[in-house]
Amino acid sequence: MSDGDSLSKDSLFELEFMESLYQKLPKDKKVMTLLAELYTAYGKIDEGLSLDKKIVRMNPNDAVANYNLACSYSLKFHFKESVAALRSAVLLGYKDFKWMLEDPDLEPVRNSSFFNELLEEFGIA
């Protein structure tokens, strides 16, 4: 089954629209962030991860960008990388620890020892 077969017409339109916009504005952080979120929402985790990496390379001091990268790594079961990105996010000012403990994208990494070490390091939970 192709991606087009698994997405609703509205979802496919939204994704294609954002991909088209990204082609026209490849350095626009907002466009990249929205497209990365769509990729993740529609199960295109590799594509979302690739964009999240690019966003962080362009904006290394952005706490939310690092948090989003952590989510993508978690969904790929790359726990060391996920926790490293979370650590960066927290050091850069990310403070929504309640969401960090509930975010479904971080569910895979929350079961790892790396995540527990991060919680202890920052006194979270």
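This tour goes through selected salt bridges of a predicted model and ends at a serine in a loop. A search of the whole structure finds four salt bridges; three of them are visited here, at Asp62, Asp46 and Arg87.

**Stop 1: Asp62 and Lys29**

Select Asp62 and Lys29 and show their side chains. The two meet in a salt bridge, with N to O at 2.1 Å. Asp62 sits in the loop between helix H4 (45–58) and helix H5 (63–75), while Lys29 belongs to helix H3 (residues 29–41), so the contact ties together parts 33 residues apart in sequence. Is Asp62 buried or exposed? Asp62 is buried, because its relative accessible area is 16% and the cut-off for buried is under 20%.

**Stop 2: Asp46 and Lys76**

Asp46 is in helix H4, and Lys76 is in the loop between H5 and helix H6 (79–91); the pair links distant parts of the chain, 30 residues apart.

**Stop 3: Arg87 and Glu121**

Move on to helix H6 and select Arg87. Which residue forms a salt bridge with Arg87? The partner is Glu121, and the closest N and O atoms lie 2.8 Å apart. Arg87 lies in helix H6 and Glu121 in helix H9 (residues 113–122), so this bridge ties together parts that are 34 residues apart in sequence. Arg87 is partly exposed, at 26% relative accessibility. Glu121 also counts as partly exposed, with a relative accessible area of 45%.

**Stop 4: Ser112**

From helix H9, step back to Ser112, in the loop between helix H8 (107–110) and H9. Ser112 is buried, since its relative accessible area is 6%, against a cut-off of under 20%. Hide the surface and show the backbone of Phe115 as well. What does the side chain of Ser112 reach? The side chain of Ser112 reaches the backbone nitrogen of Phe115, at 3.2 Å.

Key: Residues numbered from 1 in each chain as written. Predicted model: local features only at pLDDT ≥ 70, side-chain atom pairs only at ≥ 80, totals over all residues. Heavy atoms only, no water. Helix = DSSP H or I, 4+ residues; strand = E, 2+ residues; numbered from the N terminus. Buried < 20%, exposed > 50% of the residue type's maximum accessible area, 1.4 Å probe, protein only. Polar contact = N/O pair within 3.5 Å; in protein donor to acceptor, adjacent residues only side chain to side chain.
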